[in-house]
Amino acid sequence: MSYNIEDHENYLKNELPYNLSEEKWQQLQQRIKEKVTPENVVPIRKEKLNFRYKALAGLVAGMALLFILVTPRYSKTGTDIKTSPSANAEQQLDQAINSLNEDELDWIHGLNENELSEQEEYIENQVQL
Amino acid sequence: MATIDIDEQIINLCSQDESLGKGFDLLMKTYGKRLYLYIRRLVVGEQDAEDVLQETFINVFRFIRAFKNDSKLYTWLYTIATRECLKFYKQKKLVLKGFDENGQWLAHVLYAENSMKAETILLKFHEAILKLPEKQRLVFNMRYFDELSYETISTITNSSVSSLKTNYHYAFEKIKTQLSHEL
């Protein structure tokens with residue numbers, strides 16, 4: 001029996017499998033508020049951020065170079081993608097998709113796009129408060 | 001516009017020590033519940049969600065003075081919340097025993113914490129989402145529940161719109177198939 005998610009969208013989107021009463025929500029907010037105090041939160045100023053980014057950029061560049069030098073290279077077709085031997089077909093497909101680069105995913109999406117009808121795509125909306 | 005005024009108020013209040021409390025209240029009132037539910041759907045556990053939300057808020061207040069307004073405030077908040085959720089997943093991977101992946105463990109927590117005895121279909125639906133690969137799980141949550149645009153999700157996850165659409169499409173079909181098998 002197939003379950004049509006689209007038919008039950010309102011229910012699936014708005015109902016939660018867990019409960020958060022108003023009282024619990026207020027208590028949670030209070031607990032978090034007590035932790036977010038000027039003493040606990042040391043603000044990062046823009047100048048410090050810039051210096052940190054430069055140091056971090058240097059570190060990342062060094063690590064990237066090390067990574068390129070020591071790790072094995074995979075072919076672009078993905079035929080050498082290593083998956084865990086115990087993974088089933090579906091898991092292997094998941095791993096394969098996750099290992100694709102942006103260009104490869106764009107190409108696949110081009111194939112998928114022809115299958116998607118207007119009704120299956122949500123309307124792009126502005127978030128209103 | 002009212003939206004921009006509130007964001008500006010939040011940033012101004014949260015950027016000054018003397019108005020931190022008011023800033024917190026306004027931020028929580030405007031975005032708190034939405035952020036909490038987003039985090040809760042990803043990490044499932046009640047205490048875990050509170051911890052991740054707390055870390056999110058601490059980082060928000062830590063970095064808000066450096067916020068450049070090159071994205072909307074809620075996009076920035078979602079980015080921080082997403083990062084904290086991913087950090088949570090990494091930490092859990094180090095301590096998980098007996099579970100092959102995070103998704104299995106999260107599904108276990110979902111059923112363990114289901115004190116209100118939610119309907120089976122609802123539990124199965126959320127279980128299917130939790131068992132998606134990490135990237136698909138994130139995209140699906142932001143698109144399906146929070147109805148964020150692909151452009152916004154692209155900013156949050158640093159992925160291209162095309163790859164997000166592919167991930168979402170694949171996730172959606174996978175969930176439908178799984179529910180069909182379960183029912």
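A residue is called buried when its relative accessible area is under 20%, exposed when it is over 50%, and partly exposed in between, as found with a 1.4 Å probe and counting protein chains only. Keep this in mind while you explore a predicted model, in which local features need pLDDT of at least 70, side-chain atom pairs count only at pLDDT 80 or more, and totals for chains, interfaces and linings use all residues. Residues are numbered from 1 along each chain as its sequence is written, chains are lettered from A and ligands numbered from 1 in the order in which they are written, and side-chain values use heavy atoms, with hydrogens and water left out.

Select Cys85(B), which is buried with a relative accessible area of 0%, and then Cys14(B), which is also buried, at 1%. How many disulfides does the structure hold? Over all chains there are zero, where a disulfide is a pair of cysteine sulfur atoms within 2.5 Å. The sulfur of Cys14(B) lies 20 Å from the closest cysteine sulfur, in Cys85(B), and this is too far for a bond.

Next, select Ser159(B), in the loop between α8 (150–157) and α9 (161–182) of chain B, where helices are DSSP runs of H or I with at least four residues, strands are runs of E with at least two, and both are numbered from the N terminus. Ser159(B) is buried, with a relative accessible area of 8%.

Finally, select chain A, which has five helices and zero strands, and of whose 129 residues 19% are buried.
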